[in-house]
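Please look over the sequence and the model before reading on. The briefing below is meant for someone meeting this structure for the first time.

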Amino acid sequence: MNAMTTKRRDTALAALRRLPSPLGHFINGQSVPGDGPAFAVTEPATGGELGQVRDASEADLNAAVAAAKSAFAPWAATPGEKRKQILHKVADLIEARADEIAAVECLDAGQCWRFMSKAALRGAENFRFFADRAPGAADGEALPTADHLNYTTRKPIGPVAVITPWNTPFMLSTWKIAPALAAGCTVVHKPAEWSPYSARLLAEIAGEAGVPPGVLNSINGLGETTGKRLTEHPDIKAVAFVGESQTGSAIMRQGADTLKRVHFELGGKNPVIVFDDADLERALDAAIFMIYSLNGERCTSSSRALIQASIYDSFVEKLAARVRNLKVGDPFDPATEVGPLIHPRHLSKVASYMDVARQGGATIAAGGEKIAGEGYFFQPTLFSNAAQSMRIAQDEIFGPVLTAIPFTDEADAIAKANDIKYGLAGYLWTSNLERALRVSDALDAGMIWVNSENIRHLPTPFGGVKASGIGRDGGDWSFDFFMETKNVALARGSHKSQRLGV
Ligand code: NAD
């Protein structure tokens with residue numbers, strides 16, 4: 001370890017030491033110890049215990065929802081300009097503590113510094129983006145007729161739940177929490193149990209920035225206990241969820257009795273389609289970046305490379321050479337490209353796909369082994385000679401594992417790309433503009449990037465189709481979810497009404 005990586009790790013450990021142990025909840029502007037059972041959180045890079053965190057008891061959860069409920073009316077009535085100021089202040093404080101946030105993400109999520117330092121700042125950008133839109137969040141449309149002036153307005157839906165996964169915990173939570181607060185909703189946030197710490201930093205920052213008590217509450221706990229109770233609670237009006245498709249189904253069932261509005265950002269098995277007329281060097285860079293960055297624990301990862309048969313062998317050879325060369329190691333080291341997987345359970349899941357690949361008849365062209373020593377490291381892996389029918393092409397592995405599949409022509413590429421239950425993102429490499437337009441149109445996915453990796457412009461819609469999600473984040477789409485639209489019809493004069501029973 002060099003001095004810089006030691007310093008970053010110390011920063012993260014110091015941030016955790018400041019927090020109560022076991023870590024409880026943040027309710028109504030206060031740190032609350034909680035009285036549920038505690039569970040251990042481990043460090044992916046070492047396997048050592050980082051601390052104990054409490055699963056919220058029913059009383060803790062009810063207190064968090066009650067706080068969000070009583071804070072709702074005043075926060076919804078706070079002028080948009082004021083909410084804007086406060087949310088910009090949140091962004092300022094995130095920027096000021098970006099290194100600390102990034103370090104905490106390296107420590108408890110095992111994500112690499114080179115990506116987390118940017119992700120923390122992206123969290124601030126998310127707040128700024130929605131802060132600027134807070135004053136116009138209630139704006140509607142004028143829809144006049146001869147007899148009536150119809151106009152629409154929007155109102156925040158109420159207290160909402162935000163439930164997030166462990167892969168890029170801080171950034172993902174800001175995507176949901178920033179628009180919810182800008183819309184005038186209050187929030188109960190439940191971060192993932194494997195990476196709970198940065199959520200507490202965000203709650204503290206929000207309080208310091210002037211977000212009133214009860215507007216952003218953070219409760220810790222397991223999915224099947226705390227998450228479930230939160231999604232069933234009658235005072236929670238909507239659930240913004242990011243996580244696995246199966247969990248999305250469970251949340252839909254759990255929320256059915258109370259008719260929850262749901263927004264789901266779920267799993268993916270996204271194709272990167274490389275035609276033989278593409279800029280192959282750039283396609284190679286992008287394909288590698290999109291699957292091996294963030295340890296492959298990325299919903300929009302390009303986990304299936306569909307490569308035209310005419311270039312398949314040479315492209316796979318280049319992929320394999322680059323994959324073997326990836327720098328795996330300490331997440332705090334800025335040179336590290338791939339860090340550890342989040343948890344031993346996840347490591348076992350990823351490792352289990354090596355046998356699945358062999359049994360299916362694919363070749364392990366690079367990687368394929370757990371890395372000996374402490375921590376949950378797995379070699380970046382490439383499967384070649386794969387077919388779309390194999391499980392390694394159908395299942396979301398969610399690790400640094402790429403499945404390379406040949407295709408013959410455009411129709412075959414489209415058929416293989418769409419032969420999957422997921423539909424989050426698609427990446428397409430070709431120099432033929434007409435083909436780019438045709439294939440983009442034909443792919444079953446919520447987002448397509450042509451000759452590019454996932455570079456997100458915040459006003460654009462983010463989300464998936466099929467098992468990858470319901471609804472869109474970003475721009476005004478976020479407000480559509482967190483707000484109710486109301487129409488007012490104002491008679492212009494004395495239009496003729498029907499007279500019954502005269
Ligand atoms: P997960 O579904 O296991 O857990 C996500 C969150 O849901 C956690 O906070 C968990 O505690 C909670 N949860 C679990 N069961 C619950 C229940 N019954 N009721 C309420 N909450 C419950 O997902 P994960 O393993 O943490 O994250 C990985 C998944 O997230 C992958 O499938 C990945 O593709 C997906 N993801 C999607 C996006 C996207 O934008 N589409 C972004 C990031 C991650």
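The model is a predicted one, and the values given here were computed from its atoms. Its largest pocket has a volume of about 1100 Å³, while the largest cavity holds about 80 Å³ of space. Two helix pairs, α4 with α5 and α3 with α5, are also described.

**The largest pocket**

- A total of 43 residues line the largest pocket, and those nearest its centre are Trp-166, Glu-193, Trp-194, Glu-244 and Thr-247.
- Several elements each contribute at least two residues to the lining of this pocket, namely the strands β3 (38-42) and β9 (238-242) together with the helices α8 (223-232), α9 (245-254) and α12 (344-360).
- Sorted by class, the lining of the largest pocket consists of 20 nonpolar, 13 polar and 10 charged residues.

- The largest cavity is lined by 15 residues, of which Pro-271, Arg-304, Ala-417, Ala-425 and Asp-444 are the closest to its centre.
- Helix α14 (410-418) and the strands β16 (422-423) and β17 (425-429) each provide at least two residues of the lining of the largest cavity, and that lining divides into 8 nonpolar, 4 polar and 3 charged residues.
- The second largest cavity, with a volume of about 50 Å³, has a lining that includes Gly-268, Ile-291, Arg-298, Glu-396, Phe-398 and Val-401.
- By class, the residues lining the second largest cavity are 4 nonpolar, 5 polar and 2 charged.

**Helices packed against α5**

- Helix α4 (residues 98-109) packs with helix α5 (residues 113-133) at an angle of about 130°, and their axes lie 8 Å apart.
- Because of that angle, α4 is oblique to α5, and the crossing of these two helices is right-handed.
- On the α4 side of this contact are Ala-98, Asp-99, Ile-101, Ala-102, Ala-103, Glu-105 and Cys-106, which meet Trp-113, Met-116, Ser-117, Ala-120 and Leu-121 of α5.
- The residues in the contact of α4 with α5 comprise 9 nonpolar, 1 polar and 2 charged.
- Helix α3 (residues 80-96) also packs with α5, the axes coming within 8 Å and crossing at roughly 170°, so α3 and α5 are roughly antiparallel to each other.
- In this second contact, residues of α3 including Leu-87, Val-90, Ala-91 and Ile-94 belong to a group that meets a set in α5, among them Ala-120, Leu-121, Ala-124 and Phe-127.
- The contact of α3 with α5 has 9 nonpolar, 2 polar and 5 charged residues.
- Ala-120 and Leu-121 of α5 take part in the contact with α4 and also in the contact with α3.

**Backbone details**

- Ser-21 and Pro-22 are joined by a cis peptide bond, with omega at about -5°, and Pro-22 sits in the loop between α1 (3-18) and β1 (25-27).
- Phe-398 is not a glycine, yet its phi is positive at about 60°.
- Phe-398 belongs to the loop between α13 (391-394) and β15 (401-407), and Phe-398 is also one of the residues that line the second largest cavity.

How values were computed
Residues numbered from 1 in each chain as written. Predicted model: local features only at pLDDT ≥ 70, side-chain atom pairs only at ≥ 80, totals over all residues. Heavy atoms only, no water. Axes fitted to C-alpha atoms, helices over the stretch in contact; angles between N-to-C directions. Helix = DSSP H or I, 4+ residues; strand = E, 2+ residues; numbered from the N terminus. Parallel < 35°, antiparallel > 145°, perpendicular 65-115°, else oblique. Left-handed = near helix turned anticlockwise from the far one by under 90°. Contact = heavy atoms within 4.5 Å. Nonpolar A, V, L, I, M, F, W, Y, C, P; charged D, E, K, R; others polar. 1 Å grid on protein atoms, 1.4 Å probe; cavity = no way out; pocket = protein on both sides within 12 Å on 5 of 7 lines; lining within 4 Å. Points joined across faces, edges and corners; volume = space filled by probe spheres on them.
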